[in-house]
Structures are given as C-alpha cells and as structure tokens.
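Please walk me through this structure in plain terms. I would like to know how its parts pack together and which residues stand out.

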Amino acid sequence: MALPYCEQAILFQTTQYVAAEVADQERANADFPPPKQREQNRSAIEHELWRKTLRGKLFLSPIEKLDHVLDIGTGTGEYALTHANSQVIGTDLSPIQPSYIPTNCQFEIDDAEDEWLYRQKFSLIHSRGNHLSFQSPETVVSSAFNALARHGWFESQDIVLPLKCDDNSWEGSAIQKWNNVITECFLLSGRRSYVEEYAQMFRDVGLDNVTERLFVWPVSPWPQGPRNQHLRELSQIARRNLLEGLEAFSMVLFTRYANMSKDEVLNLVQNAKDDFWDPKYHVYMQV
Ligand SMILES: C[S@@+](CC[C@H](N)C(=O)[O-])C[C@H]1O[C@@H](n2cnc3c(N)ncnc32)[C@H](O)[C@@H]1O
C-alpha cells in the first residue's frame, strides 16, 4: 500500500490525561496493576520509539551550540537524562523523576503554564508528549519564546489524535470502533487537541523558521518488504507502546464519558487488541 502522508510521526499516548485520572482509576479498579509502574514502563517504551523515529537524534533543530536545555512536562525524565553534554532542567507537575541523576541534570516540580522564572536563557526548549497537558498551550509557547537564548530553538515532538487509516481498511473493525469511542470521549471531556495548531502558535508569538516534520507510527503490522524495514521496526514499538496503556486509559474514559460498563470496555479493548495484530488494517498514528 502507499505510505500515508510523507514521513509523519503522530504520537498517540495520552499520558498526562491518564496521570490526571489515575487516582480515580485506582479507587475504582483496585485489581489493576499500579499505574505509576505501568506509566514508567510505557514511558521508557515511548522514549525508545521517539529515538527510533528521529533515527537516534534527540532533536531536529539545527542548533550549533547546545548549552542550556529545558524539557517541559519531562515525565519520568528519560529525555532530559539522555542529554549528556549540556545543562538540563526537566520540569513536571508530578515528582515521578528518578532521585539519582547526573550532575548536568536537575528536575523541578513546576507548572509550565505558570510564569517562567528561570535565571538563564535556553538554547533548546523541548516539549514531548504534551499534546493534552495544557489548558492554554499559547501561554506555554509564549513563555518558551521569552526564555529562548539568541539563536535558541523551541522543539515540540508530539502525537496527533485520533488514529488514522487512509484507505479505510479498518472499516467495521474493533480498532475503528475503539477509535471512534475514544475520539468521542476526548470531545466530551473537553480536552482540546492542539498539536496541529502548534506551527501557527509558534509563528504568532514571533518564532522564525518554523518547520513541521511529520512522521508515521504504524500501529498494526502492515509495513511489509525490505523498503519498509524502518516502519516495521517503528510499528513493533508503537504497538507495544499503545497496547501497554490501552486498557487503563480506555477504562477511565469509556466508563466515564461513553457510559460503558467495565465488561463492555474490557470486551472492546480485547477485540481491538486482537485487531492491532492484524496486518490487513492499515492503521497509524501521525506524529
Ligand atoms: C505524556 S507525558 C510526557 C512525558 C515526557 N515528556 C516524555 O516524552 O516521556 C506528559 C507529562 O506532562 C506533565 N504535565 C502535564 N501538565 C503539565 C504542566 N502544566 N506543566 C508541567 N508538566 C505538565 C504530566 O505530569 C506528564 O508527566
């Protein structure tokens, strides 16, 4: 089949949203595995997925001298910790970062939507997987612009929701049904998907040289043949990443916003999980 788009990368994880809902879910589903541990596992998988997507690079911005780096919404901190040759600050609402860290790295609990009070300017401000984090992404982009050093870059790596299937091969499948339900739940929950508005937001605050690079994460094993080796490898990790959190975030959202019972959710998720292994469905995430 023809590749959807060009090289697009859409990340589909809803981590922040899940994190916000985790306390309720723990109360409601005491038999679920501990969300924190699950999230840390998923985070490590997703970090690997991004590294493979960008062919080992940590960023695509053409930065000549990388000194101070800020990683907002750093999560468990994998990205910040991978920068070995610069001073890195990773910030997050939640204290889920490791305690033993290299001297070039520090973590701070901070809300990226509050006023930024950093003493230094940054040559790279990085945001990854924050597609559902912010009430006002415009505020965050504006703060980032003001905190950039001369010739500094703001780079956002993120997922576009919902899943896509250009040739409609998923017609009637459980994946399509699952995708429809989750799309409806996001709408009903009032979450705004703003990743596709980033480029304009960047321009609006005065950032120059705004470039958008699009990639694809196939989530079912449709990429075949030697030419699609890279996509096939991405697909293996993307599917693992998605399936890792599928039941947990579906349970929270579908019972709350789609009026589904726990059994109905488990049934739909199981059927969707089965479909995600079927190469006849040409499903992908755009990142
Ligand atoms: C999907 S995770 C991404 C984690 C990390 N950037 C990565 O790529 O692995 C989103 C993170 O953003 C954090 N977050 C959400 N809202 C935030 C805010 N307003 N300020 C700072 N961090 C926030 C969440 O706690 C969560 O750890």
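In helix 5, the residues V181, I182, C185, L188 and S189 meet S250, L253, F254 and Y257 of helix 7. Two residues are in contact here if their C-beta atoms, placed from the backbone, lie within 7 Å. The contact of helix 5 with helix 7 divides into seven nonpolar residues, two polar and no charged. In this count Ala, Val, Leu, Ile, Met, Phe, Trp, Tyr, Cys and Pro are nonpolar, Asp, Glu, Lys and Arg are charged, and the others, Gly among them, are polar. This is a predicted model, in which local features need pLDDT of at least 70 and side-chain atom pairs count only at pLDDT 80 or more, while totals for chains, interfaces and linings use all residues. Residues are numbered from 1 along each chain as its sequence is written. Helices (H or I, at least four residues) and strands (E, at least two) are DSSP runs, numbered from the N terminus.

Helix 5 covers residues 174-189 and helix 7 covers residues 229-257; they pack at an angle of about 65 degrees, with their axes 9 Å apart. Axes are lines fitted to C-alpha atoms, for helices over the stretch in contact, and angles run from 0 to 180 degrees between N-to-C directions. The angle therefore makes helix 5 roughly perpendicular to helix 7. Angles under 35 degrees count as roughly parallel, over 145 as roughly antiparallel, 65 to 115 as roughly perpendicular and the rest as oblique. The crossing of helix 5 and helix 7 is left-handed, a term used if the near helix is turned anticlockwise from the far one by less than a right angle, with right-handed used if clockwise.

A second pair is helix 4 (residues 137-147) and helix 6 (residues 198-205), which pack at an angle of about 50 degrees with their axes 9 Å apart. Helix 4 is therefore oblique to helix 6. This crossing is right-handed. On helix 4 the contact is made by P137, E138, V141, S142 and F145, and on helix 6 by M201, F202 and V205. These residues divide into six nonpolar, one polar and one charged.

What lies in the interior? A nonpolar core is a set of buried Ala, Val, Leu, Ile, Met, Phe, Trp, Tyr and Cys residues joined through C-beta atoms within 7 Å. A residue is buried if 20 or more other C-beta atoms lie within 10 Å of its own, exposed if 12 or fewer, and partly exposed in between. The largest nonpolar core has 37 residues, and those with the most contacts inside it are I175, W217, V219, A238, V283 and M285. Helix 7 gives the most to this core, with 10 residues. Leaving aside neighbours within four places in sequence, A238 is in contact with L49, W217, P218, V219 and M285. Another core, of 20 residues, lies apart and includes F122, L124, V140 and W153.

Some backbone details remain. The peptide bond from L161 to P162 is cis, with omega near -5 degrees, and P162 is in strand 6. R55 is not a glycine, yet has a positive phi of about 50 degrees; R55 lies in the loop between helix 2 and strand 1 (68-72). R55 counts as exposed because 8 other C-beta atoms lie within 10 Å.
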